[in-house]
Amino acid sequence: MNNRINQLFERKKENILSVYFTAGFPNLNDTVEIIQQLEKNGVDLIEIGMPFSDPTADGPTIQRTSEVALKNGMSIKVLFDQLKTIRQSVSIPLVLMGYLNPVYQYGVEKFCQKCNEIGIDGTILPDLPLDEFEAEYKTFFEQNNLHNILLITPQTSEARIRQIDDASEGFIYMVSSSSTTGAGKKVEDFHADYFERIQNMNLKNPRLIGFGISDNATFTNACKYASGAIIGSAFVSSFSEEVEIADSVAQFVKTMRIPN
């Protein structure tokens, strides 16, 4: 069965907008509405954050949303329960992003089976090394039509990038810089030489650029070097108690999109 992520990249080659948000933030039961509103407003792919108590790669914004979500009662079990009928209303690719520890506690094989049952298309687990994934868990992912999306950074060697490309399905998550996640970087802060170097490697997998994509300018710039970009901190920062989720999502996506 063809994975929805593959279908997306076969259908659309550029300006792919992927949005990350933390499940259970701002309120425990907002998860499904946020997903539905993101699809309604034209987002191509959604990364659903699984909150964790020690999010080492995340900047302060995502860390704060994780803290709130955990206090709200979010867990992998709760998230799966919330998403059990999501494919009745949402058709775009859905990816779960987080850390290995909660997935390990839940049970990796059971986690993959549940993702398949619900209709999750992939995972992003930044602290799961490629070698460990291939040795221990790859079979579970393949059996459940689940892509494990791997990351590269400006420091990743060419040999390692080739290895990641060979092992990848779906797309490669191209980290824009060596810092933690977070909005606020400027377009000129991006490593054009790094982006161009990766472009010239002619990898088999498409790439999405993440970390520091915070506005239309950074999104537009990232799309020059990859199939699209991932926005996280800027999106979760846009929520306000004074604005309904539907209105907040619509306004945010509108400001991000490249004008036609």
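Q: Which residues point one way from S1, and which the other way?
A: In this predicted model, Ile-16, Ser-18, Tyr-20 and Thr-22 point one way, while Leu-17, Val-19 and Phe-21 point the other way.

Q: What makes strand S1 largely enclosed by the rest of the structure?
A: Buried means under 20% relative accessible area. Seven of the seven residues of S1 (residues 16–22) are buried, so the strand is largely enclosed by the rest of the structure.

Q: How do you know that S1 and S2 pair, and in what sense?
A: Pairing takes at least two bridges. S1 and S2 (residues 45–49) have five, in the parallel sense. Phe-21, for one, has Ile-48 in S2 as its bridge partner. These two strands also make a right-handed β-α-β unit with helix H2 (residues 31–40).

Q: What makes S1 and S9 a pair?
A: The cut-off is at least two bridges, and S1 and S9 (residues 228–231) pair over four, again in the parallel sense. Here Val-19 stands opposite Ile-231.

Q: Why is Cys-112 called buried?
A: The limit is under 20%, and Cys-112 has a relative accessible area of 0%, so it counts as buried. Cys-115 is buried too, at 0% relative accessibility.

Definitions and conventions. Residues are numbered from 1 along each chain as its sequence is written. This is a predicted model: local features need pLDDT of at least 70, side-chain atom pairs count only at pLDDT 80 or more; totals for chains, interfaces and linings use all residues. Side-chain values use heavy atoms; hydrogens and water are left out. Buried means under 20% relative accessible area, exposed over 50%, partly exposed in between (1.4 Å probe, protein chains only). A crossover is right-handed if, with the strands pointing away from the viewer, the path from the first strand over the helix to the second runs clockwise.
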